[in-house]
Amino acid sequence: MPRVPADQYVSNVRMPEDIDRFWEETLAETAKIPLEPKVVHDPLRSTERIDVYEVFFTSLDRVRIAGWYATPRDRQGKLPGLLQVPGYNMEPPVPKAWANKGYAAFSVAPRGKLRSNRQFNPGYPGLLTYSMVDRNTYSYRGFYMDACRGVEFLLSRDEVDDDRIGVTGHSQGGGLTVSTAALRPEIKAAAAGAPYLCGYMDAIELTDAYPYQEIADYLRMNPDSRADVENTLAYFDGINLAHRITCPIIVSVGLQDSTCPPETGFAMFDAIASADKRMYAYDGHGHDANNHEHGAIVDDFLAKHLKP
Amino acid sequence: MTTLSGAEPINFDGYWQDTLAELAALPPAPEVQEIPLRSTDFATAYGVSLTSVGPYRLYAYLSIPRGEGPFPARYYLPRYGSVVDLVPQGTANSQRREHVTFAICVRGQRLADQPYAAAFPGLLTDGIDDPADYVYRGIVADCVRGAEYLANRPEVDSARIAAIGNDLAYTTAALCARVTHLVCTPALLYDTVNLARRTSAYPLEEINDHLRLHPEREEAVRHTMSYFDLRRFAPHVNATTLLMAGADGSALDAAALSPLIQAMPGDVEVHKAEHSGYKDGRFSEEWLSRSFGMAEPSLPAHWRG
């Protein structure tokens, strides 16, 4: 049977009535924990133009989180801050390229990533389904907070202009861009590529590829847990968080994306509350979502709103 | 056109013969354990532990179709990063219905990170000042160990064993003659020091970082990397090959790779990247299914039609 065009797909995701309360309580619980930032200059990764620092801070559950922070040496006045959020099975990059464009760029390694996995390490595969039957201990509750704490780190820096903070990422980074923009009102611009973590339960019907296949694996072994899984994931689904996004945002999808099905990207985009939103849908592209050309669009969009 | 230049290896063949001899002297001592969570009604998944040079204990994911074999095999060599997947992200899990798949975690990667947990960035330059200490010597051997193990599995069709990946797929095909097919996207081990100078992107930026801090070590680094340059492995690659070149104008486009292509004695088809994971991925899947004599390529739903 031919597939429904991606932009006409109707998601089966259910909106929990108390989703906003759940996240307000989680944010409040996180806010009670001191950030305790540690910033260490890294001469090996620094260049003539860019200073690179290793950063560590404390997040929800008092898990110590790492990141890379890069700033341009030649600057006048305060810098816009940019949070870079990582893909599912990639290492958080050293964000020199963004610093080179004039941003104070922070690349966060949420819990379970290398350097942030001493206290929490469900592994890959594994992160996606860790405690998936309980929204209060599901892996992404802390993971989302770690990304949000990255915003707090930028806000703690004297060289960063609090009114010019953005977020960007691809794949899981696209999903974290959505969740962070939804949960942190300080975000002034967001660019999400091929967003993951949107339509989790839709995705396992749309693709048999990993990482979403981890959920299908889990349900094959634990069929009786399906209702609990659906209930938990509904609180973390980008489709259900998008109504909280009010900043300018752009989203890109590849119409042949087998990793993060474009249907789920459209469903999330439709739910975004911001009037200043734009979708870039690329035919002939998979999970790359035409990064080769779309990168310049992201650059221009962030520059327009954050003014590096 | 890129030519071989800079420091020459004192004895390229001897270096690798010694490494392979060291590997051969160590029994692989496989331990195989089913992974029910990743098994399906059409394939059984296993975790495999193996010993490589060092000695060092490795881990790998093995998937075997249910039913009568032998089956063609796909050997996935790891990309640069800590995570290894059962099958690569975004590819069809249904490929496991008709193929044995094998994905190895080399030293330093997750599941093979005790006692050595690699840093990313950091792995590419670990021990790079001396070819005897360079971590990639062990990594290349790890990949050969995996190929030997896979080729010896009774479920595997020995005439259809494909190594798939970046540079490590290439070195594996060169050092293990039992690899019959190769799908390779060169990335790091090709004129590495000069390639790094053309980019500020990681992981090649690791080389620039290292030489920025230690400029006096450049000759030593060039010397070490000369043992790992794909061009020197090329005469040993007899597998039927699909070489995924960069798009025209990129650092590793077909023109830049021509010395590699010309030095390979086997059949080589070159595909120029189209800046599309879908188009390049589909081309690769269709090439492999044709080469394996399969009726249909293993495509995920969004790549069909």
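## Packing of helix 1 and helix 3 in chain A

In this predicted model, helix 1 (residues 19–31) and helix 3 (residues 139–155) of chain A have axes that come within 11 Å and cross at roughly 60°. Helix 1 of chain A is therefore oblique to helix 3 of chain A. The crossing of the two helices is right-handed.

On the side of helix 1 of chain A, the contact is made by Phe22(A), Trp23(A), Thr26(A), Leu27(A), Glu29(A), Thr30(A) and Ala31(A). Their partners in helix 3 of chain A are Arg141(A), Tyr144(A), Met145(A) and Arg149(A).

Helix 6 of chain A spans residues 213–221 and is largely enclosed by the rest of the structure, because seven of its nine residues are buried. These buried residues are Gln213(A), Glu214(A), Ile215(A), Ala216(A), Asp217(A), Tyr218(A) and Leu219(A). They pack against two other helices of chain A, namely helix 5 (200–206) and helix 7 (226–236).

Asn290(A) is located in the loop that lies between strand 9 (277–282) and helix 10 (291–306) of chain A. With a relative accessible area of 3%, Asn290(A) falls under the 20% limit and so counts as buried. When neighbours within four places in sequence are set aside, the contacts of Asn290(A) are Tyr282(A) and His285(A).

Met244(B) belongs to strand 8 (residues 240–245) of chain B. Its relative accessibility is 9%, so Met244(B) is likewise classed as buried. Apart from residues up to four places away in sequence, Met244(B) touches Val183(B), Cys184(B), Thr185(B) and Pro186(B), together with His271(B), Asp280(B) and Ser284(B). The C-alpha atom of Met244(B) is separated by 26 Å from that of Arg107(B), a residue 137 positions away along the chain.

## Interface between chain A and chain B

The size of an interface is often given as the accessible area lost when the parts come together. For chain B and chain A, the area buried between them is about 3,400 Å², of which 51% is on carbon and sulfur atoms. Gln89(B), Arg110(B) and His302(B) supply 23% of the area that chain B buries against chain A, more than any other three residues. In terms of contacts, the interface involves 42 residues of chain B and 48 residues of chain A.

Conventions: Residues numbered from 1 in each chain as written. Chains lettered and ligands numbered in written order. Predicted model: local features only at pLDDT ≥ 70, side-chain atom pairs only at ≥ 80, totals over all residues. Heavy atoms only, no water. Axes fitted to C-alpha atoms, helices over the stretch in contact; angles between N-to-C directions. Helix = DSSP H or I, 4+ residues; strand = E, 2+ residues; numbered from the N terminus. Parallel < 35°, antiparallel > 145°, perpendicular 65-115°, else oblique. Left-handed = near helix turned anticlockwise from the far one by under 90°. Contact = heavy atoms within 4.5 Å. Buried < 20%, exposed > 50% of the residue type's maximum accessible area, 1.4 Å probe, protein only. Buried area = accessible area lost by both parts, 1.4 Å probe.
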